[in-house]
Amino acid sequence: MLRGTAPRVCWLWILLSSVLIWRVHCASAQSCHEVKTAFQLRQVGSLRLVPETAATDADLLICKHQGPTCCTRKMEESYYAAAQRDTLQNILSYSFELKYLILGHASSFQDTFHSLLSFTLNHTYSLFDSTYQTISHDAKPLVSTLFSDLELYLRGDARISVEYSVQSFYDKLFPLVYQHLVNPGLGSNVSAWSSEGSKCLRATRHDVKPFGPHPQELAQGLSRALVAGRALSRALKVGAEVLNATELVGMARQCGRALVRMQFCPHCRGLTLIRPCGGLCLNVMRGCLAGLAELDGPWRRYVALLERLSGALAGGYELELALLRIRERINDAILTAQLHGPHLSAVVGKVCGSLTEPVSSTPVSPTSRTLSPSLHPTIDLQTSVTSSSPTTLPDTGNQHEHITLKRRSLPLKSSKNDKPRSLKKISKEFMGYIQRYKSFFSTLPVMLCEGEVVMDENTCWSGEDVVESYTGHVVGNGLQAQRHNPEIKVRSADPILINVKEKLEHFNQEMWGEVGLGTDGGEDVETSSGDAAEGSSECDDEDGCQGSGHGEEDKTVLTKKEVHVRIPPQEAIIPIQPPNSRPKPGAHSSGVVHIPTISSVLFLPLLLKIQLLLWPDGF
């Protein structure tokens, strides 16, 4: 009998054990503990929203499926907000790097421009302190205003014109030169100088041309040399505005639902560790960022423009030499007026009449006026420059025969506190960085998916279930490609992005034409990246390399594509002659007076001194 009951007891225990194991398994499968842990770690919302066990009657809108689920409608809403929040934060983290690069280098360029202008301002001051002391006090405010205008011009101020600023400077300088240098007797009694006479001199300066061709040459030279720096300042400002505008763009509702389905719907089934498939992620991200991807073409042309402009600044010393020439251009202009003093006095006498008033009158000096600091901020003087061996001008009336200009050495002292980097080094550094972001808007979905997808796993989440590989069609970038996107339906781009795209396209077209770089950069979209990389590894002129145009005056290489800016050679100064008159027999047999000038080649030793002063740590 015991033999008959023993097998029955054994089978009974086996059956009870199986039922107990099945119940424990079912209880563990219906637990939502892991879902609650993930809910807390990703800071989705309150833990009270997560049920303790899975349910089958949940009224879900996004993560629908047959079977028990750990999600509720409230959890879906929290998942929706969290998915949009995390994605926007990831986008901002990538765009912040690019915006920091643009704004940081914009500040570096402006600091370097300011240092160069400050030095050349002092350099120009020394001309009046050492050579033209009689007008130094009244001429310095005019020089300061000119350099303030140049700094505003380099910052991209649309109200400033180099041509107007230079001509205005010479208009205001003419009364000082005529009163104190051409006719020193007029300047001996200031109270007798007529304010109407000063107005007449300023008004007729363009017709009388007392300074010869030097005002026009200075204006043209500065316009050519500063155009790349000004364009780069404007371009960097526009780039920052584009990135700021893209940060204001929100995500469409369809995008938020697709993000929840990709990131959080597996959690509803207790699959908190599964990652989305690569194809699924690309489709979702390219659908969500379809409007941003439309900026890819204009942005590539914009980056090509930045590379060209920074390459122009890194290719030579045209800007530095043009600023250094301001002093010599002003000196040559004053010498020209002195040289033709008798003829100039005769012409002015016919045009303006008497320039003096009775001593009892109280005229107003034209140079006593000061300009508003708000309109023309004074450039801080950072370097003290002195001058020795001043220009020798004979006191006799025969100024046509003996005018000599001696070379002056400038004792330069370096500053230990202010050590900005050279313009060439900043430009090359910026070229190396910015070319990496040429395809920023087209590669942004890929960068976002790199943090979402684990490539070495055998299974992934397809949006509906766990699979070995994603079988859906993976679309490309842009609005047109999203018509075939299986994960998200995109109807149109955000109006903000449409406006940004139009503005960027207009700016590219305007700048490529204004700077004179030829085409709009379309052919550089695919090739200039390699060119920039090649150019960034070139040998510097400071390292002793040849052939970069460092010491050439006739041309400055702008880009790899052989775009040149021509600088005409120094022209001889033609003496001003009254109508229907002949030059005096004792003046100059050749009819041409050559005023000594300093060419770009002779400027190079001074330029090296400036580099040692401003950048003592090297390039």
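Helices α3 and α13 cross in a left-handed sense. The model is predicted. The axes of α3 and α13 (residues 296-314) come within 14 Å, and the crossing angle is roughly 25°. Angles under 35 degrees count as roughly parallel, and α3 and α13 are therefore roughly parallel to each other. From α3, the contact takes L98, I102, F109 and F113. From α13, W299, Y302 and L313 take part. By class, this contact has seven nonpolar residues, with no polar and no charged ones.

Now step back to the whole chain. The chain has 619 residues, and 49% of them count as buried. Its secondary structure comes to 20 helices and four strands. Take the contacts in the chain with a separation of 6 or more: residues 24 or more positions apart account for 81% of them.

Stay with α3 and turn to its other partner here, helix α4 (residues 133-154). The axes of α3 and α4 come within 9 Å and cross at roughly 165°. An angle over 145 degrees counts as roughly antiparallel, so α3 is roughly antiparallel to α4. In this crossing α3 passes α4 in a right-handed sense. On the α3 side, the contact includes Q110, F113, H114, L117, T120 and L121. Further along α3, T124, Y125, F128, D129 and S130 also take part. On the α4 side, Q133, I135, S136, A139, K140 and V143 are among the residues in contact.

The crossing of α5 past α15 is left-handed. F174, Y178 and V182 of α5 meet G341, L344, S345 and V348 of α15. Five nonpolar and two polar residues make up this contact, and no charged ones.

Next come the covalent links. A disulfide is a covalent bond between the sulfur atoms of two cysteines. The rule applied here is a pair of cysteine sulfur atoms within 2.5 Å. By this rule the model holds seven disulfides. Three of them follow.

Begin with C71 and C268, joined at an S to S distance of 1.8 Å. The torsion about their S-S bond is about -95°, so this disulfide is left-handed. Where do the two cysteines lie? C71 lies in the loop between α2 (33-41) and α3 (73-130), while C268 is in helix α10 (residues 265-268). The pair therefore ties together parts that are 197 residues apart in sequence. C71 and C268 are each buried.

C255 and C288 form another disulfide, with sulfur atoms 2.0 Å apart. Which hand does the disulfide of C255 and C288 have, left or right? It is right-handed, because the torsion about the S-S bond is about 110°. C255 sits in helix α9 (residues 253-263) and C288 in helix α11 (residues 278-288), so to speak two distant parts of the chain, 33 residues apart. Buried means under 20% relative accessible area. C255, at 2% relative accessibility, counts as buried. C288, at 17%, also counts as buried.

Helix α11 carries a further cysteine, C281. C281 pairs with C449 in a disulfide, and their sulfur atoms are 2.2 Å apart. The torsion about this S-S bond is about -105°, so the disulfide is left-handed. C449 is in helix α17 (residues 440-450), and the link spans distant parts of the chain, 168 residues apart. C281 is buried, and so is C449. Helix α11 thus holds C288, linked to C255 of α9, and C281, linked to C449 of α17.

Key. Residues numbered from 1 in each chain as written. Predicted model: local features only at pLDDT ≥ 70, side-chain atom pairs only at ≥ 80, totals over all residues. Heavy atoms only, no water. Buried < 20%, exposed > 50% of the residue type's maximum accessible area, 1.4 Å probe, protein only. Left-handed = near helix turned anticlockwise from the far one by under 90°. Contact = heavy atoms within 4.5 Å. Nonpolar A, V, L, I, M, F, W, Y, C, P; charged D, E, K, R; others polar. Axes fitted to C-alpha atoms, helices over the stretch in contact; angles between N-to-C directions. Parallel < 35°, antiparallel > 145°, perpendicular 65-115°, else oblique.
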